[in-house]
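Subject: Structure handover

Hello,

Here is the structure I said I would pass on. Please open it beside this email and follow along; my notes come after it.

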Amino acid sequence: MTKTSIPSTAWPDSVRCADDGDDDVRGPGGTDSVGIATKAKAKPKKPSQFKVLMLNDDYTPMEFVVMVLKRFFNMDLEQATRVMLHVHQRGVGVCGVYPYEIAETKVNQVMDFARQNQHPLQCTLEKA
């Protein structure tokens with residue numbers, strides 16, 4: 001295997017390969033220096049959370065609301081029934097809390113599905 005060398009002019013004065021034959025590594029100003037590259041690790045910020053809310057109306061059947069909660073929010077029958085009754089009695093209920101893009105997608109899926117089935121069911125989102 002042939003050793004390929006990079007001309008020393010390609011490297012800044014303070015950076016040299018360990019085997020480039022130059023034992024006298026000097027930093028700027030001619031002082032001995034060792035550089036350690038550090039990278040600050042930015043802690044990723046947790047995405048903002050949004051509540052997906054379902055609104056009550058006088059026309060959408062309760063069974064349809066339960067089906068929507070099971071289908072789009074992965075609730076079991078008991079949990080879906082509980083949320084549906086909360087929406088029915090209080091006028092609004094939380095279906096789930098998600099990052100913005102997921103919450104927006106769920107709202108659009110529920111609204112599209114309701115329209116396709118000719119129900120006026122309303123779903124929205126708000127910051128948690």
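The buried residues of helix α1 are covered by several elements, including β1 (49-55), α2 (77-90), β2 (92-99) and α3 (100-116). This is a predicted model, so please read everything below with that in mind. The buried residues themselves are Phe 64, Val 65, Val 66, Val 68, Leu 69, Phe 72 and Phe 73.

Helix α1 covers residues 62-73, which makes 12 residues. From its first C-alpha to its last it reaches 16 Å, close to the 16 Å expected at 1.5 Å a residue. Just after α1 comes Asn 74, which takes a positive phi of about 55 degrees.

Next, the sheet. In which order do the strands lie? The order is β2-β1-β3. These three strands form an open sheet, and the pairing is antiparallel. β2 and β3 stand at the edges with a single partner strand each, so one side of each has no neighbour in the sheet. On average, neighbouring strands of this sheet are turned by 30 degrees against each other, direction ignored. In general, strands of a sheet pair through backbone hydrogen bonds, either parallel or antiparallel.

β1 and β3 run antiparallel and are joined by six bridges. Across this pairing, Phe 50 stands opposite Lys 127 in β3.

Two helices lie across these strands. α1 lies across β1 and β2 and runs at about 160 degrees to β1. α3 lies across β1, β2 and β3, running at about 170 degrees to β3.

Now the charged pairs. Side chains of opposite charge can pair when their charged atoms come close. How many salt bridges are there? The count comes to two.

Glu 126 counts as partly exposed, at 36% relative accessibility. Lys 51 also counts as partly exposed, at 24%.

The other salt bridge is between the side chains of Arg 82 and Glu 78, at 3.5 Å from N to O. Both residues sit in helix α2, and because they are four residues apart, about one helical turn separates them. Are they buried or exposed? Arg 82 is exposed, with a relative accessible area of 51%, and Glu 78 counts as exposed at 58% relative accessibility.

Last, the cysteines. A disulfide is a covalent bond between the sulfur atoms of two cysteines. The count of disulfides here comes to zero. Cys 95 is in no disulfide, and its nearest cysteine sulfur, that of Cys 123, is 5.1 Å away. Cys 95 counts as buried at 7% relative accessibility, and Cys 123 counts as buried at 6%.

Regards

How values were computed:
Residues are numbered from 1 along each chain as its sequence is written. This is a predicted model: local features need pLDDT of at least 70, side-chain atom pairs count only at pLDDT 80 or more; totals for chains, interfaces and linings use all residues. Side-chain values use heavy atoms; hydrogens and water are left out. The expected span of a helix is 1.5 Å times one less than its number of residues. Buried means under 20% relative accessible area, exposed over 50%, partly exposed in between (1.4 Å probe, protein chains only). Contact means heavy atoms within 4.5 Å. A salt bridge is a side-chain nitrogen of Lys or Arg within 4 Å of a carboxyl oxygen of Asp or Glu. Two strands pair if DSSP finds at least two bridges between them. Axes are lines fitted to C-alpha atoms, for helices over the stretch in contact, and angles run from 0 to 180 degrees between N-to-C directions. A disulfide is a pair of cysteine sulfur atoms within 2.5 Å.
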